[in-house]
Amino acid sequence: MSLSPARSIYKNIKFLQSLKPKIDQFIETTGHNQDLPYHQFFQLAALAYEFKPELIIELGRAYGNSTFLFTEVANHIDASVVSLCNNNFWEEITLPKIRQNVDDKWLKRLDARFIGNFVSVDLTKEIEPAKRVFIFWDAHGFQTAEYVLGYLLPQMQGKECFIVMHDITDMRYQFADDSYKQQRIWRTESANEGKSKIRLGNFCSFNEQLIAMLDFCNRNKMELKSADESYATEFSKIEQNDLKDSLNKGFSTEAHWAYLYIDGRTNFSKLHFPGFERETIVRENKFKQ
């Protein structure tokens, strides 16, 4: 596979430059850029634009930084975006602020759903006709992992699929503090607090998806890759300077996200997927609530 985070961002410098005023306007208008660092807007836009999926599935959106970004890219590549989240901040807070900057044609690319538990959502109709699918996995928890690994991925047979997982750091290329900082060990109930983190192999995260994805990759002899590695090893000095000159603060070799690529020629009969019991998972969630 020639497509990689580093190659995609360098190849599409001009597109990213054209996107920069819109990203800046969005951030200035909404003021909610803390969930997605500035440079990640450009990293994710470049990969999605280069991959050119027909369908982008976003799991978790909060105020909708990535929602805006993927919808903008979708308007350039003739794609659709399905965004699932258990809050309605996008509709109630963000969209009213940016409504004067986007039209109905722009919004037609986006299907943003407010779902209490999106494990209950059936996306077969949306997935079936797509040849390339881009999944942005930013909602945490083992239930979401079951949805991705047990429900979404088995439907990717015969398709190309990029799964991007937010909030996972490759400690070979980013600062690593091996101490516990006097915190308790990582455990499920402390996930997403941003205090205790779990270290598995080269990766570090504070959420459950890392455990589930590494387990899946090890069972299937697949490699979980990191954007941190791609940006640290694939750029020449000249390319780095070109990107700094073109994107300014929009370029960084820090990523803190991992990805898995599934080739359209992958033999799914030899892959191992976890069982997916939708009704059981939904019932478990109601019990916890």
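We'll start at a strand and then hop between charged pairs. Keep in mind that this is a predicted model.

**Stop 1: strand 10.** Select residues 257-262. Five of the six residues here are buried, so the strand is largely enclosed by the rest of the structure.

**Stop 2: R7 and E239.** The structure has 14 salt bridges, and this is one of them: the two side chains meet at 2.9 Å, N to O. R7 belongs to helix 1 (residues 5-11) and E239 to helix 11 (residues 237-247), so the contact ties together parts that are 232 residues apart in sequence. R7 is partly exposed at 29% relative accessible area, while E239 is buried at 14%.

**Stop 3: K11 and E50.** Another salt bridge, with the closest N and O atoms 3.0 Å apart. Colour helix 1 and helix 3 (residues 38-51) to see K11 in the former and E50 in the latter, 39 residues apart. K11 is exposed, at 60%; E50 is partly exposed, at 21%.

**Stop 4: D78 and R109.** Which loops hold this pair? D78 lies between helix 4 and strand 2, and R109 between helix 6 and strand 3. Their closest N and O atoms are 2.8 Å apart, in a salt bridge.

Conventions
Residues are numbered from 1 along each chain as its sequence is written. This is a predicted model: local features need pLDDT of at least 70, side-chain atom pairs count only at pLDDT 80 or more; totals for chains, interfaces and linings use all residues. Side-chain values use heavy atoms; hydrogens and water are left out. Buried means under 20% relative accessible area, exposed over 50%, partly exposed in between (1.4 Å probe, protein chains only). Helices (H or I, at least four residues) and strands (E, at least two) are DSSP runs, numbered from the N terminus. A salt bridge is a side-chain nitrogen of Lys or Arg within 4 Å of a carboxyl oxygen of Asp or Glu.
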